[in-house]
Amino acid sequence: MNIRIKEVIEKRELRQFVKFNIDLYKDSPYHVPSLIDEEIMTLSAGKNPAFETCEAIYFLAYKDGKIAGRIAGIIVRESNRVWNQRHARFGFVDFIDDDDVVDALFDAVISWAKNKGMNALHGPMGFTDMDHEGMLIKGFDRMGTMATIYNFPYYRVQMERMGFVKDRDWKEYLIKVPDCIPERYRRISEIVKQKYGIRVIKFKKRKEIWNYARKIFETLNIAYSPLYGFAPLSPKQIDYYVNMYIPMLRLDLITLIVRESDDEVVGFGITLPSLSHAMKKAGGSMFPFGFIYLLKSLYSKPKVIDFYLTGVLPEYRNKGINALLFSDLIPQFNRLGAKFLETNPELETNIAVQAQWNDFDREHHKTRRAFIKQI
């Protein structure tokens with residue numbers, strides 16, 4: 001067995017770590033590569049504020065002198081505090097279908113996690129819920145999205161061979177965009193606005209959204225707090241994501257619901273034209289042509305819209321906020337000629353979120369899983 005595990009130390013190795021995913025899937029028609037520089041920033045302690053409460057280690061596996069796999073070990077101390085756990089995470093994981101390579105990668109992370117006092121390893125997960133999470137176990141013949149992981153079917157086989165078991169599943173849906181606002185949503189929307197003193201906000205100029213940017217993530221912190229593995233974003237993390245994502249959003253595809261009395265965000269829906277094909281053309285790089293592909297897709301009339309983020313404060317759930325969101329967004333989708341809406345992963349236990357699609361023609365087309373193993 002000619003397998004060697006190397007901890008990633010140098011910048012050159014970190015770039016190799018990130019690029020291995022792109023190299024492994026270069027012939028896959030379904031894989032959507034991440035932007036290399038953006039992923040390096042996520043993995044860099046000096047750039048990602050998550051490292052204030054996290055620690056991480058990265059390994060590359062070499063077989064016969066060639067890179068054959070990668071894996072990150074991550075400890076999110078704030079999540080362990082919130083959930084009263086001693087769990088380490090694995091993430092940013094890819095490998096060839098080779099038992100020895102896979103065992104060597106996971107043995108390295110398990111040894112590291114044990115030395116840190118952890119008693120379980122679960123994933124794939126990242127530093128926060130904003131990172132990719134969940135291993136694909138259904139939907140291998142469907143195009144991936146910018147916000148999700150694509151992986152080969154043999155990944156699940158390898159996980160189960162090593163004794164990892166299901167911890168949580170996420171479902172994803174492909175929604176047919178209706179030709180008009182469902183009448184029930186139209187009726188509920190008017191009642192909700194008057195009854196709860198809320199209003200819909202749209203933006204015409206980018207500078208207008210900056211007043212609400214941090215409020216969106218503060219609402220996200222509250223709305224996502226019961227979800228699997230979630231830990232609240234710190235003020236520095238919020239600033240990090242605001243500066244990363246707000247400039248790339250398309251204003252007509254953002255809907256905010258605010259309370260009239262204090263202008264606080266009680267709900268939001270952030271959608272984007274699907275950037276999957278543009279990301280494939282970019283091949284992980286913004287230059288020399290990647291940014292052109294992305295800009296053209298961002299301001300195109302897309303056939304598919306990605307539902308990137310949505311959240312509602314707990315006290316406003318089941319009170320018709322979703323009807324307000326869709327009553328605003330459906331006409332926007334129709335104006336652009338969009339035919340389908342692709343959801344982000346939704347926890348299978350989050351019945352309330354999945355129920356919002358009951359009025360739509362939907363297909364459960366992908367499932368992804370977080371695996372766990374006691375160590």
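The model described here is predicted: local features need pLDDT of at least 70, side-chain atom pairs count only at pLDDT 80 or more, and totals for chains, interfaces and linings use all residues. Residues are numbered from 1 along each chain as its sequence is written, and side-chain values use heavy atoms, with hydrogens and water left out.

N80 belongs to helix α3, residues 77–83 (a DSSP run of H or I, at least four residues; strands are runs of E, at least two; both are numbered from the N terminus). Beyond its neighbours within four places in sequence, N80 makes contact (heavy atoms within 4.5 Å) with I75, Q85, R86, H87 and M118.

The structure contains four cavities of 30 Å³ or more. A cavity is a set of points on a 1 Å grid over the protein atoms alone where a 1.4 Å probe fits but cannot get out, and lining residues have an atom within 4 Å of a point. Points are joined across faces, edges and corners, and a volume is the space filled by probe spheres set on them.

| Cavity | Volume | Lining by class |
|---|---|---|
| Largest | about 280 Å³ | eleven nonpolar, nine polar, three charged |

In the lining of the largest cavity, β4 (87–95) and α1 (11–24) each supply at least two residues, and β4 gives the most, with four. The lining of the second largest cavity consists of M130, F217, Y245, I246, L249, I270, Y308 and L309.

Definitions and conventions
1 Å grid on protein atoms, 1.4 Å probe; cavity = no way out; pocket = protein on both sides within 12 Å on 5 of 7 lines; lining within 4 Å. Nonpolar A, V, L, I, M, F, W, Y, C, P; charged D, E, K, R; others polar.
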